[in-house]
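Here's a quick briefing to read with the model open beside you. Take it topic by topic and find each residue as you go.

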Amino acid sequence: MFRHPMQGLVVRSVAEEQDAVITSVRDVCEDPDTRASLDRFASGRAGRLCRMLVAQHGKRVAGLAGWQQDEMVGVVQVHLVLPAHRDRGVGTALLVRLIEQARDVGVRFLEAALPEVALRSQRIYRRQGFQ
């Protein structure tokens with residue numbers, strides 16, 4: 001578990017409870033593109049090595065990031081921060097931890113499958129060295 005400087009923010013790996021986290025986030029998401037990303041990630045996990053990180057502020061989910069690993073390549077499939085927690089470093093904290101997690105398991109290349117409309121996310125990724 002990693003704690004972010006934002007008071008009370010914790011970023012942790014999610015294993016068994018991935019379905020519950022996805023459902024809880026999907027239930028409060030109003031953006032159809034975000035819901036579609038969550039649905040694609042949820043349905044694409046079968047038979048694949050998928051990892052998920054969740055950012056929590058207190059007991060409330062602030063955001064999540066999910067990625068799939070195929071040997072030495074990782075692909076970020078979903079990365080979102082709920083509206084009430086945006087512009088507070090949550091997205092960056094998730095991405096930094098995701099990069100660390102990928103390195104820890106031997107991933108040599110990390111790609112992000114982000115929609116073109118995700119400008120906020122694209123800036124965060126560029127700051128972390130994605131091109």
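Helices (H or I, at least four residues) and strands (E, at least two) are DSSP runs, numbered from the N terminus. What you're looking at is a predicted model, where local features need pLDDT of at least 70, side-chain atom pairs count only at pLDDT 80 or more, and totals for chains, interfaces and linings use all residues. Residues are numbered from 1 along each chain as its sequence is written, and side-chain values use heavy atoms, with hydrogens and water left out.

**The chain as a whole**

- The chain has four helices and six strands, and along the sequence they come in the order β-β-α-α-β-β-β-α-β-α.
- Of the 131 residues in the chain, 42% are buried (buried means under 20% relative accessible area, exposed over 50%, and partly exposed in between, with a 1.4 Å probe and protein chains only).
- Take the contacts (heavy atoms within 4.5 Å) between residues at least 6 apart in sequence: 58% of them join residues at least 24 apart.
- The accessible surface comes to about 7800 Å², and carbon and sulfur atoms hold 49% of that (areas come from the Shrake-Rupley method with a 1.4 Å probe; for residues, only the protein chains shown count as cover).

**How the strands pair up**

- Two strands pair if DSSP finds at least two bridges between them.
- S2 and S3 run antiparallel and are joined by six bridges; for instance, Val10 has Gln56 in S3 as its bridge partner.
- S3 and S4 also run antiparallel, with nine bridges joining them, and here Cys50 stands opposite Gln68 in S4.
- The hairpin of S3 and S4 has two residues between the strands, and Gly58 there takes a positive phi near 70°.

**Helix H3**

- Just after H3, Gly106 has a positive phi of about 90°.

**The nonpolar cores**

- A nonpolar core is a set of buried Ala, Val, Leu, Ile, Met, Phe, Trp, Tyr and Cys residues joined through side-chain atoms within 4.5 Å.
- The largest one has 20 residues, and those with the most contacts inside it are Leu9, Val11, Ala55, Val90, Leu94, Leu95 and Leu98.
- The elements giving two or more residues to this core are S2 (9-14), S3 (49-57), S4 (60-70), S5 (73-81), H3 and H4 (119-127), and H3 gives the most, with seven residues.
- A second, separate core has 14 residues, including Leu38, Cys50, Val78 and Leu82.
- In soluble globular proteins, nonpolar side chains tend to be buried together.
- Look at Ala55: leaving aside neighbours within four places in sequence, its contacts include Leu9, Val11, Val61, Val90 and Leu94.

**His79, tucked into S5**

- His79 lies in strand S5. Is His79 buried or exposed? His79 counts as buried because its relative accessibility is 11%.
- Its side chain makes a polar contact of 2.9 Å with the side chain of Tyr125 (a polar contact is a pair of N or O atoms within 3.5 Å; within protein, one must be able to donate a hydrogen and the other to accept it, and residues adjacent in sequence count only if both atoms are side-chain atoms).
- A polar atom of the His79 side chain also lies 3.1 Å from the backbone oxygen of Gly91.

**Out in the loops and at the end**

- Most residues other than glycine have a negative phi, and most peptide bonds are trans.
- Glu71, in the loop between S4 and S5, has a positive phi of about 55° although it is not a glycine. Glu71 is exposed, with a relative accessible area of 66%.
- Asp87 isn't a glycine either, yet has a positive phi of about 60°; Asp87 is exposed, at 71% relative accessible area.
- Gln131 lies in the segment after H4 and counts as exposed, at 98% relative accessibility.
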